[in-house]
Amino acid sequence: MRRTLILALAAGLGACNLLTGEFRVSGTVDLAPALRDRTPKENLMLFIVAENEGGVPVAVHRIVNPRFPAPFAMDPADLLVPAVRRWEPLKIHAEMNTHGDVGTPRPGDMEGD
């Protein structure tokens, strides 16, 4: 069973223009209050993933041992394929675990949009 994170974006960017290199997404990830005390404090990885409309990840930002609420800022360094050149809307979600693999949920992992 996966537990749910609350992902609150502090700055809304619904798309990016990769043609001009304008890729900036920032926000804050927070946990539901009931989960804060049960979340490991060490060996924890928080991943913020930006996906295109087809569900393909285009950028991933990693925070090691986050403290909540956890601010984040994504920029061109987080792009998986920097040479991609097009404008596209994005969906942002967060995944958190202790094993360090993103996109392969296991029991006890947390995720949210």
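P57 is found in strand β6; strands (E, at least two residues) and helices (H or I, at least four residues) are DSSP runs, numbered from the N terminus. The structure is a predicted model, in which local features need pLDDT of at least 70 and side-chain atom pairs count only at pLDDT 80 or more, while totals for chains, interfaces and linings use all residues. Residues are numbered from 1 along each chain as its sequence is written, and side-chain values use heavy atoms, with hydrogens and water left out.

At 37% relative accessibility, P57 counts as partly exposed. Here buried means under 20% relative accessible area, exposed means over 50%, and partly exposed lies in between (1.4 Å probe, protein chains only). Leaving aside residues up to four places away in sequence, P57 touches V49, A50, E51 and L80, where a contact means heavy atoms within 4.5 Å. The C-alpha atoms of P57 and K91 are separated by 9.2 Å, and these two residues are 34 residues apart along the chain.

The secondary structure of the protein chain comes to 1 helix and 10 strands. Along the sequence, these elements follow the pattern β-β-β-β-α-β-β-β-β-β-β. Of the 113 residues of the chain, 38% count as buried. Among contacts with a separation of 6 or more, 62% are between residues 24 or more positions apart. The accessible surface of the chain comes to about 6300 Å², and 55% of this surface belongs to carbon and sulfur atoms. Accessible areas come from the Shrake-Rupley method with a 1.4 Å probe, and for residues only the protein chains shown count as cover.

The largest nonpolar core has 22 residues. A nonpolar core is a set of buried Ala, Val, Leu, Ile, Met, Phe, Trp, Tyr and Cys residues joined through side-chain atoms within 4.5 Å. The residues with the most contacts inside this core are F23, L46, I48, A50 and M74. At least two core residues are supplied by each of β4 (25-30), β5 (45-51), β6 (57-64), β7 (70-74) and β9 (91-97). For I48, the residues touched include V29, A59, V60, F72, M74 and I92, and also H61 and H93, not counting residues up to four places away in sequence.

Strand pairing was examined next. Two strands pair if DSSP finds at least two bridges between them. Strands β5 and β9 run antiparallel and are joined by 7 bridges. In this pairing, I92 of β9 is the bridge partner of A50. β9 is mostly covered, with 6 of its 7 residues buried. This strand also pairs with β10 (residues 110-112) in the antiparallel sense, over 3 bridges. There, E95 stands opposite E111 of β10. Another antiparallel pairing, over 5 bridges, links β4 and β7, and S26 stands opposite A73 in β7. In β7, A70, F72 and M74 form a covered face, whereas P71 and A73 form an uncovered one.

Several features lie in loops. N52 has its place in the loop between β5 and β6 and counts as buried because its relative accessibility is 14%. The side chain of N52 reaches the backbone nitrogen of G54 at 2.9 Å. P69 is placed in the loop between β6 and β7, and a cis peptide bond with omega of about 0° joins F68 and P69. N65 lies in the loop between β6 and β7 and has a positive phi of about 50° although it is not a glycine. With a relative accessibility of 29%, N65 counts as partly exposed. N43 is likewise not a glycine and has a positive phi of about 55°. N43 lies in the loop between α1 (33-36) and β5, and counts as exposed because its relative accessibility is 58%. Most residues other than glycine have a negative phi, and most peptide bonds are trans.

The structure holds 1 salt bridge, defined as a side-chain nitrogen of Lys or Arg within 4 Å of a carboxyl oxygen of Asp or Glu. The side chains of D101 and R106 meet in this salt bridge, at 2.8 Å from N to O. Side chains of opposite charge can pair when their charged atoms come close. D101 is partly exposed, with a relative accessible area of 33%, and R106 is partly exposed, with a relative accessible area of 40%.

Methods:
Polar contact = N/O pair within 3.5 Å; in protein donor to acceptor, adjacent residues only side chain to side chain.
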